[in-house]
Amino acid sequence: MLINLTEVLTRDGKIMEMDACLEMEVFQSKLGSFPICRKEPVHLKITNTGNRILQVKGKAELEIVVPCDRCLDDVHYKMALEIEKEIDMKQSGEDRIKALDEHCYIDGYNLDVDKLLYGEILVNWPLRVLCKEDCKGICNVCGINLNHETCECESTDLDPRMAKIRDIFSKFKEV
Ligand SMILES: [Zn+2]
Ligand SMILES: [Zn+2]
């Protein structure tokens, strides 16, 4: 969704508030494609603080489907985003990209809500996602999800480094 900023720029101190919609259905990054399974309207407040500077404040809540780091099950990861930006409308688009080093969510006199949110999701991307704190992961021998099933594989609860050492020993035995 594009928000036209012409109106709020007409006078210093002017405030514009709205609920904007995120059109993005899938978040795509270098890490892959992640469906957005829930999104609330993004509440935005844009204030003309004078000297053609706009302050953008907002809150957004959404849920993204991300695979668990250990077992790869889908996790509905909840994200609460706090947006706080200052946009200098005196700058040209190019200068702004250089200054902020981020995706250009201002195009002429329009604010692109999707691009703004995209940058925020990227910055707030979790280092790791687990379906639950004590996720048991996947058996590295037979590949089953150990949260749902159990297996008879021996090495499942071994430290992977130990498993390597054991492999070396079993090779010796074969010789
Ligand atoms: Zn898991
Ligand atoms: Zn197994």
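Predicted model: local features only at pLDDT ≥ 70, side-chain atom pairs only at ≥ 80, totals over all residues.
Ideal angles for four tetrahedral donors are 109.5 degrees. C139 is buried, because its relative accessible area is 2%, under the 20% cut-off.

The zinc ion (ligand 1) also has cysteine donors. These are C68 (SG), C71 (SG), C131 (SG) and C135 (SG), lying 2.3 Å from the ion. The site of ligand 1 is tetrahedral, with angles of 105 to 116° among its four donor atoms. The sequence spacing of its donor residues is C-x2-C-x59-C-x3-C. C71 sits in the loop between β6 (53-67) and β7 (74-88), and C131 in the loop between α2 (113-123) and α3 (160-174); the pair therefore ties together parts that are 60 residues apart in sequence. The burial of these two residues was also computed. C71 counts as buried, at 5% relative accessibility. C131 counts as partly exposed, at 34%.

Nonpolar packing was examined next. In soluble globular proteins, nonpolar side chains tend to be buried together. The largest nonpolar core here holds 40 residues, of which I3, L5, L44, I46 and L111 touch the most other members. The elements giving two or more residues to this core are β2 (15-20), β4 (32-39), β5 (42-50), β6, β7 and α2. β6 supplies the largest share, six residues. Leaving aside neighbours within four places in sequence, I46 is in contact with I3, L5, V8, K14, I15, M16, M18, L54, Q55, V56 and L111.

Strand β3 (residues 26-29) shows two faces. F27 and S29 make up the covered face, whereas V26 and Q28 make up the uncovered one. In a regular strand, side chains alternate between the two faces of the sheet. β3 runs antiparallel to β4, and four bridges join the two strands. Together β3 and β4 form a hairpin, with two residues between them. Within this pairing, S29 stands opposite G32 in β4.

Note on methods:
Residues numbered from 1 in each chain as written. Chains lettered and ligands numbered in written order. Heavy atoms only, no water. Donors = N, O, S within 2.8 Å, 3.2 Å for Na, K, Ca; no water. Tetrahedral: all angles 85-135°; square planar, octahedral: opposite > 155°, others 65-115°. Buried < 20%, exposed > 50% of the residue type's maximum accessible area, 1.4 Å probe, protein only. Core = buried A, V, L, I, M, F, W, Y, C linked by side-chain atoms within 4.5 Å. Contact = heavy atoms within 4.5 Å. Pairing = 2+ DSSP bridges.
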